[in-house]
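Subject: Structure handover

Hello,

Here is the structure for you to take over. My notes follow below it.

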Amino acid sequence: MKKMGFVLASTASLLMAGAAYATDVKIGVLNDRSGIYADIAGEGSVIAAQMAVEDFKATDKGINVSIVSADHQNKPDVGSNIARQWYDTENVDVIADVPTSSVALAVNEITKEKNKIFLASGPASSDLTGKACSPNTVHWTYDTWALANGTGSAMVAQGGDSWFFVTADYAFGHALERDTSAVVEASGGKVLGAVRHPFPGQDFSSFLLQAQGSGAKVVGLANAGGDTINAVKQASEFGITQGGQALAALLMFINDVHALGLEVAQGLVLTSAFYWDKNDQTREFSARFQERNAGQKPSMIEAGVYASVLHYLKAVEAVGDKDAAKVMAKMKEMPTEDPLFGKGTIRADGRKLHDMYLFRVKKPDQSKRPWDYFETVATIPADKAFRPLAEGGCSLVK
Amino acid sequence: MFELLGIPPQVLFGQLLLGLINGSFYAVLSLGLAVIFGLLNIINFTHGAQYMLGAFGAWMLLNYLGVGYWWAVFIVPPIVGVTGIVLERVMIRRLYHLDHLYGLLLTFGLALIIVGFFRQFFGVSGLPYPPPPLLTGGYNLGFMYLPNSRAWVIVASLIVCLATWFIIEKTRLGAYLRAATENPTMVGAFGINVPLLVTLTYGFGVALAGFAGVLAAPIYAVNPNMGADLIIVVFAVVVIGGMGSILGSILTGFGLGLIEGLTRVFYPEGSAVVIFVIMALVLLVKPAGLFGRSV
Amino acid sequence: MTTDTNPIAMTAITAVGAAGMPRHHLAIFVALFVFLIAAPFLLYPIFVMKVLCFALFACAFNLLLGFGGLLSFGHAAYFGMASYVSAHAAKVWGLTPELAIIAGTLVAAVLGLAIGSLAIRRHGIYFAMVTLAFAQMIYFFSLQAAFTGGEDGIQAVPRGHLFGLIDLGSSDVLYFFVLAIFFAGILLIYRIIHSPFGQVLKAIRENEPRAISLGYRVNRYKLAVFVLSATLAGVAGATKAIVFQLASLTDVYWTMSGEVVLMTLLGGMGTVFGPIVGAAVIVTMQNYLATFGDWVTIGQGIIFVVAVLSFREGIVGVLAKWIRKPL
């Protein structure tokens with residue numbers, strides 16, 4: 001495997017040697033621009049990538065960056081077609097973002113085959129650094145394991161030691177439920193039950209009633225997007241939180257909270273890698289971002305696109321070349337530092353490590369200004385936030 | 001205390017009630033589809049988008065004009081109905097002499113356009129619609145907590161369904177409608193303006209979808225995609241009830257809501273597919289649907 | 001609804017000499033062949049392969065709708081299931097690509113036989129609904145079954161070696177393999193519609209009671225065309241899995257069934273070449289307008305509306321009218 005990569009890399013560098021006078025880098029932002037993830041990782045991710053290029057002052061440093069973007073419509077065949085075409089005919093060097101695990105897994109394979117670089121900010125599947133891990137992929141922002149771990153352990157530590165899951169009936173939901181159950185049980189809590197709802201779901205009343213009837217202290221929502229929004233909205237209708245049960249959304253974005261409104265979302269607990277109001281640097285970035293993105297604050301995925309593109313460009317500058325193997329080695333060797341995630345590192349399996357945060361959604365009267373939504377409950381340090389290297393089953397780890 | 005397959009009766013009652021509430025959405029939506037199919041012979045695939053328009057209508061009234069929910073219940077359905085009338089006059093009208101297929105394809109295309117525009121301008125995360133004060137809170141029925149908003153849904157949709165049934169089956173206007181369904185030429189010969197009747201019927205069917213949308217706004221997320229998957233289910237409800245049968249669509253709507261509710265207890269994963277299993281069974285055993293006339 | 005207003009009748013194939021293809025059909029086939037041989041040098045080969053897979057899918061669908069007069073609203077089931085089986089066979093069982101495709105096709109054929117034998121008992125919109133219902137069950141099965149990988153799908157399917165010999169890893173080699181499948185598929189469809197069997201189908205479509213009174217076992221013919229259509233849709237789906245090296249839920253979802261109707265309608269149902277044109281237009285739109293996000297959806301909707309309102313014969317149907325020859 002390693003040898004193969006080396007041979008590919010050396011041929012690539014031989015080919016490139018002729019045109020080494022200035023580095024032209026082409027970044028393809030591939031995401032969902034019309035479906036359920038368009039608001040958390042659509043046009044906003046493209047803006048984030050552009051801002052990274054501008055903030056890096058790439059042209060001053062002899063790197064000409066161009067950005068292309070496309071909509072994969074959450075369809076793996078559309079996504080893989082675009083990815084191949086970008087790599088084969090349009091000289092794209094890096095693909096960034098790619099929410100939706102099925103598409104991301106496909107892009108992951110293609111990127112490995114074509115020996116390019118994949119900066120995965122959007123997808124959740126922890127397989128990307130596990131059994132599907134690739135020397136060409138960095139999984140930047142979050143993954144199912146980190147979400148499960150963050151919310152699960154922190155909730156138990158806060159006394160939420162009995163759980164009931166409302167799980168979306170597909171691989172992503174199952175993974176979240178499985179990982180969270182493991183964490184809850186390992187931390188001394190117990191899981192009272194789970195109900196699987198069809199995906200996508202509209203009416204959650206029946207499942208919430210079952211959760212209510214279970215008497216569990218925490219109702220864990222192992223779903224995403226519109227499902228979570230509907231479930232939270234109806235949980236408030238049925239008085240789940242008023243009845244003393246805590247509601248934990250295992251994957252939720254700030255845009256979802258915005259869509260729900262604080263009246264409904266208050267008290268909800270969630271794990272996230274980023275919050276715009278964390279410090280001066282994040283606030284400064286978010287204000288600029290908001291101006292360009294129709295008044296929306298950045299989601300953690302968009303923040304991840306910014307930070308990963310920035311780190312990639314730094315590595316290209318340091319190497320003085322865009323050869324995938326060399327740049328990738330540099331990216332993993334150099335510690336990461338950016339205004340949004342602070343300091344961090346990239347592990348051998350491609351996992352980017354940074355702190356994760358457990359947030360609680362504020363009550364309406366606690367919110368002082370627009371988008372003032374979260375209060376920090378706990379910080380999960382980088383070395384505890386992600387799955388230990390040895391447990392992932394990644395073939396790159398010896 | 002007895003238990004049914006390990007489910008305590010309280011839970012079962014709760015689930016049945018919830019099923020009935022969901023059934024009311026199916027009933028109102030499938031009623032609209034059935035009315036339209038009965039007279040126009042058009043399978044209105046835009047119905048899901050028109051349901052979404054109802055919810056957005058309520059949201060826009062609240063956010064742009066400050067008009068609250070209770071007004072929206074009365075204002076929005078007619079507005080959505082008027083948009084339907086425009087569609088009927090401009091486009092759908094031209095397809096009456098053709099196969100069902102074309103009506104279905106045209107309305108499918110219209111749905112894509114409407115939903116596409118709303119996604120473009122309002123995003124896909126959905127928008128918050130706070131329930132009005134009267135609908136917050138709820139009653140503890142002993143076996144479950146019934147939010148007022150849900151209780152209202154079941155009451156409102158029952159009223160609307162019964163009123164529609166009454167108009168169509170018991171009034172003179174309804175008699176014209178039923179006659180025009182049977183034989184438009186003959187009814188026209190009696191001096192009744194059949195094209196106008198057809199247009200108004202489409203508008204009415206669409207208004208019902210808009211009404212269901214308004215009912216949904218405080219409960220579900222107001223989202224451009226909210227009707228996209230629902231339409232297939234409602235479609236199945238109409239087919240099971242018997243295409244064009246008014247009473248059939250109402251009863252089937254509530255009935256399937258109940259069955260779906262039960263499935264959610266015993267086999268939750270299967271609750272999305274159970275309606276299709278029933279549809280296949282019904283069509284194979286009773287081709288015209290449970291309440292339909294044979295074809 | 002009387003039969004003379006049946007839209008499907010409008011673009012009926014006129015009588016064809018028993019000797020074989022009319023000259024202009026032959027010319028089109030040759031031109032298409034030459035173009036497709038040259039295509040990978042002009043266009044991106046994977047994109048062309050995608051068009052070919054969908055074109056074959058649409059042609060298979062058109063065999064049922066345009067020539068059998070049966071509107072199925074659940075063709076994604078055969079396309080998608082074949083795609084899963086083919087991907088699974090190539091990846092897990094390690095079969096060579098041609099065997100994997102055959103495996104997928106067989107499953108589609110069996111599914112077609114099972115669902116078809118139930119569905120053909122109903123007519124018109126009820127037929128469409130029965131097929132939709134079964135397709136939804138297949139979707140549910142695909143979501144639940146372990147081997148499909150849920151919404152992640154089956155990823156990293158090896159392209160393998162054709163007959164165990166020729167490496168399909170290169171897109172150019174693979175292209176000619178797909179091209180061969182595509183041509184075999186559409187020539188087979190062409191042969192079917194112009195055979196005596198096809199003529200009986202036409203008779204049934206035009207006037208079923210008369211065909212029955214003439215002594216034809218109508219249901220057997222309908223079932224046969226249903227199974228053929230499902231099988232060929234399966235070929236397309238199974239091939240697509242090898243081309244893209246993945247199989248996913250998109251292929252079994254009901255919107256895929258809708259898309260194939262759109263392709264067929266846009267190109268011209270009941271024409272030989274229409275579905276190919278329709279598939280090419282739709283896939284091109286999805287591919288090259290991907291940057292515009294929602295506008296693609298809106299564009300598709302507009303195409304639907306315009307096609308239904310002003311050229312129901314489809315692109316090729318309109319052309320056929322101009323040159324006064326069936327295409």
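This is a predicted model: local features need pLDDT of at least 70, side-chain atom pairs count only at pLDDT 80 or more; totals for chains, interfaces and linings use all residues.

Two strands count as paired if DSSP finds at least two bridges between them.

**Sheets in chain A**

S12(A) belongs to an open sheet of three strands. The order is S11-S12-S13, with antiparallel pairing. Strand S11 (336–338) and strand S13 (352–353) of chain A form the edges. Each has a single partner strand, so one side of each lacks a neighbour in the sheet. For a residue-level handle, take Thr345(A): its bridge partner in S13(A) is Leu353(A).

There is parallel pairing as well. Strand S1 (residues 23–31) of chain A pairs with strand S3 (residues 94–97) of chain A over four bridges, in the parallel sense. Here Ile27(A) has Val94(A) as its bridge partner in S3(A). S3(A) also pairs with strand S4 (residues 117–120) of chain A, again parallel and over four bridges. Asp97(A) stands opposite Ala120(A) in S4(A).

**Domains of chain A**

Domain 1 of chain A puts ten residues into the contact, and domain 2 of chain A puts in nine. On the domain 1 side, five of these residues are nonpolar, three polar and two charged.

UniProt, in an unreviewed entry, places "domain: Leucine-binding protein" at residues 25–362 of chain A. Over residues 25–362 the chain is 45% helix and 21% strand. The end C-alpha atoms of that stretch are 42 Å apart.

**Contact between chains A and B**

How many residues of chain B are in contact with chain A? The count is 31 residues of chain B, against 33 residues of chain A. Helix H1 (9–40), strand S2 (145–147) and helix H10 (246–266) of chain B each supply at least two residues of the chain B side. H1(B) gives the largest share, five residues. By class, that side has 15 nonpolar, twelve polar and four charged residues.

**The nonpolar core**

The largest nonpolar core has 361 residues. Those with the most contacts inside it include Val166(A), Val309(A), Met279(B) and Met81(C). Helix H2 (residues 45–67) of chain C provides the largest share of this core, 19 residues. Domain 1 and domain 2 of chain A both give residues to this core, so it lies between them.

Met81(C) is worth a look. Sequence neighbours up to four places away aside, Met81(C) touches Val107(C), Ala108(C), Leu111(C), Ile138(C) and Val252(C).

**Ile192(C)**

One more residue in chain C. Ile192(C) lies in helix H6 (residues 171–193) of chain C. Is Ile192(C) buried or partly exposed? A residue needs 20 or more C-beta neighbours within 10 Å to be buried, and 12 or fewer to be exposed. Ile192(C) has 18 inside 10 Å, so Ile192(C) counts as partly exposed. Beyond its neighbours within four places in sequence, Ile192(C) is in contact with Leu63(C), Phe197(C), Gly198(C) and Leu228(C). Leu63(C) is 129 residues away along the chain, yet the two C-alpha atoms are separated by 8.7 Å.

Best wishes

Terms used: Residues are numbered from 1 along each chain as its sequence is written. Chains are lettered from A and ligands numbered from 1 in the order in which they are written. Two residues are in contact if their C-beta atoms, placed from the backbone, lie within 7 Å. Ala, Val, Leu, Ile, Met, Phe, Trp, Tyr, Cys and Pro count as nonpolar, Asp, Glu, Lys and Arg as charged, and the others, Gly among them, as polar. A nonpolar core is a set of buried Ala, Val, Leu, Ile, Met, Phe, Trp, Tyr and Cys residues joined through C-beta atoms within 7 Å. Domain bounds come from an automatic or database domain assignment. UniProt positions are given in the numbering used here, feature names are shortened, and annotations may be inferred rather than shown by experiment.
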